[in-house]
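Here's a quick briefing to read alongside the model. Have a look at the structure first, then we'll go through a few spots in it.

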Amino acid sequence: MNKILTTYLKLFFIITFINNACYAQEIIKIEDKYPIIPTPKEIDFQGGEISFNSINIKGTSFFNERSYLESFFSNKGINNSAEGLKIVFKKSSNLNEISDETYGLIINDGIYISAASQKGAYYAIQTLKQIFRINQGEGILPVLKIKDWPVFQIRGFLHDTGRNFQSIEQLKDQIEVLAQYKYNVFHWHLTDDPGWRLESKLYPQLQSEAYTSRNKGKYYTQAEFKDIISFCKERNITVIPEFDIPGHSKAFRGAMGYDSMNNKNALKVLLDLFDELCSLASPEEMPYIHIGTDEVRNKEEYVSDDFILKIIERIKQNNRDVIVWEKGVSVKEDTSSINQLWAMHEPRKGHRFIDSRANYINHLDPLAGMVRLFFQQPCRQPQGDSLALGGVLCAWPDNRVAKEEDILMQNPIYPSILFYSDAIWNGRKENNKEYWAKLPSIKTKEYEGFKAFEKKVLFHRDSFFKNKSFPYIKQSETYWNVIGPFNHQGDFSKKFPIEDTLKNNYKINGDKYQWSNPIAGGTIHFKHFFGFPALTEKGSGTYYAVTEIFSPNDRVQDFWIGFQGWSRSGGRRGGPFPNQGQWHTTQSKIWVNNNEIDPPSWKQPNVKEKSDEIPFIDEDYFYRAPTKIHLNKGWNKIVLKVPHGGNSWKWMFTCVPINFKNNNISEVSELKFRPIFNR
């Protein structure tokens, strides 16, 4: 009897273990199927899914949000019906304790949305839209419970339309994406040296083509400005307009006929213009006005402190908060302005601040730059408070662009929005500056955290960004060994023994060199151009990198390959651009299976460094045709040589295989990387 009981107990425990294991696998599978960005603070996937072909929205709270959700489902072919899946909106004051943007979302026998305000209800819908699936006319959602809120009150994105005009349509496309990822500020930089882009009915000469150096005749009418205000308001996004003065004012001075900003009429005109700007939207709709004040570097831009104070006072009389760049013109008597931080500047003591440090997209590589946005700590503290308001991600395509689409093609706008959204919504416990220019060491907690989030980004890229420019590819499993830097003594062509034979270590001129432990990344910075921690502090030398790629067959494969990179700012910074037959002026090289790979045939070779007015065309890997490389069946050896020195500004390389189809980028899943040494 005891033996029979023991056997039954064993069987019971085995069956229970198997069921629990299967249940755990189901949970993991469901989490992978429904990735949410930014990651909710509290989320419990409870197993299983619900399906439905109609909805029944109940409740009296949040009329606009109810209509918005009904319209979303209707566009998917799922209409309102008395027998449909129950959707309940509920206003909950309890959720207001953390933030008025807090929301709760429960999906089981129905959909239950609770929020302290319409903003929270709107964000619940954004989460719901991300996890909604449709199959043969039926809607599908996972069973789950979420409670979520932001830790910063300002989560924004900036576009510089003063230098390069963008159409209302292109701006709206991007604002839709901002709303999808719970941003709540659009910072609109409207004026700069090339043009004053907002119509003035008081001073229409500001739109004169004679004093607009780029996109002549292109500006936003006041009606279009109001349209953007309204469009953003419907998406819980506040517009922060910026007239950048007294610097960056060439178009203003030219149109008004002023030799300098000290002209006796300049202040009066600017006061009129700020009054006119404030008249276009109420303080509730447009509570902030940005007056720039950065980079006042030329004598014709200098003004007195009193000049700035009078503008600040006038804007305050219009019941708005004033924002200035820090570092900018610093006026001691200004005690109330909000400081927007750039570069590595700190806020003035006692001032509220917005963090835009080290997050300029025009300087970001599409791969390595996303690592920084993921790990960087906004405001350099875990969450916001009465002074630390949040952050604004900035796109400054300083150079002239040939056409507006190039702003999206030549800058990783959409990947940056996704990676930054998680940091600015959730905050970061620490400011991991050691990961601003490189991925964490393989298999560490930080590496695994990035890898998990990257997986979400790839899902969103493929689900929500089809036929949009989204230059990001999986890089967390791209492995390299590197060695160096070797002293090339100013001769970039100098050859080192690595080019003849690969072995564990080398002794050259009495110095011993050995291959690094495996590192991960599609782009590798040897030394970062802004001084962020990378692999070396040396100012010049030659590095080599090696890896192996497994291919299941012989093939000609598309690759992204680039050396030293090019910021979309300051002309060809670190130039000139290479001549034909060069990957870069530092004579970088790449070999695959001992065969040297030729560089592209450049459309604009040897362009000088100071070339702000010459648009980029094919200078970097992610907006030119991929490089085609023959891979053998089995393991393929890749060796890169990356010298640095002289005029070169960046010391980096990119090498990843890609699928490129119908202008969409994706991984080549059947190709596998492995390091050669120390694996």
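Leaving aside neighbours within four places in sequence, which residues is Lys182 in contact with? They are Ile37, Pro38, Tyr103, Tyr123, Gln126, Thr127, Arg155 and Trp425, where contact means heavy atoms within 4.5 Å. Keep in mind that this is a predicted model: local features need pLDDT of at least 70, side-chain atom pairs count only at pLDDT 80 or more, and totals for chains, interfaces and linings use all residues. Residues are numbered from 1 along each chain as its sequence is written, and side-chain values use heavy atoms, with hydrogens and water left out.

**Lys182**
- You'll find Lys182 in the loop between H4 and strand S10 (185-189); helices (H or I, at least four residues) and strands (E, at least two) are DSSP runs, numbered from the N terminus.
- Lys182 is buried yet has no salt bridge. Buried means under 20% relative accessible area, exposed over 50%, and partly exposed in between (1.4 Å probe, protein chains only).
- A salt bridge here is a side-chain nitrogen of Lys or Arg within 4 Å of a carboxyl oxygen of Asp or Glu.
- The nearest side chain of opposite charge to Lys182 is Asp148, 5.0 Å away; Lys and Arg count as positive and Asp and Glu as negative, while His and the chain ends are not counted.

**Salt bridges**
- The whole structure has 37 salt bridges.
- Asp100 pairs with Lys119, with the closest N and O atoms 3.1 Å apart. Asp100 sits in the loop between strand S4 (85-91) and strand S5 (103-107), and Lys119 in helix H3, 19 residues apart.
- Asp100 is partly exposed at 34% relative accessibility, and Lys119 is partly exposed at 25%.
- Arg163 and Asp192 form a salt bridge, 3.3 Å between the closest N and O atoms, and both residues are buried.
- Asp160, Arg163, Asp192 and Asp398 are linked in a network of salt bridges.
- Asp558 and Lys628 also meet in a salt bridge (2.8 Å, N to O). Asp558 is in strand S25 (residues 555-563) and Lys628 in strand S28 (residues 627-631), so this pair ties together parts 70 residues apart in sequence.
- Asp558 counts as buried at 14% relative accessibility, while Lys628 counts as exposed at 59%.

**Helix H9**
- In helix H9 (residues 368-375), eight of eight residues are buried.
- Those buried residues pack against strand S18 (388-395), helix H11 (413-426), H12 and strand S23 (523-527).
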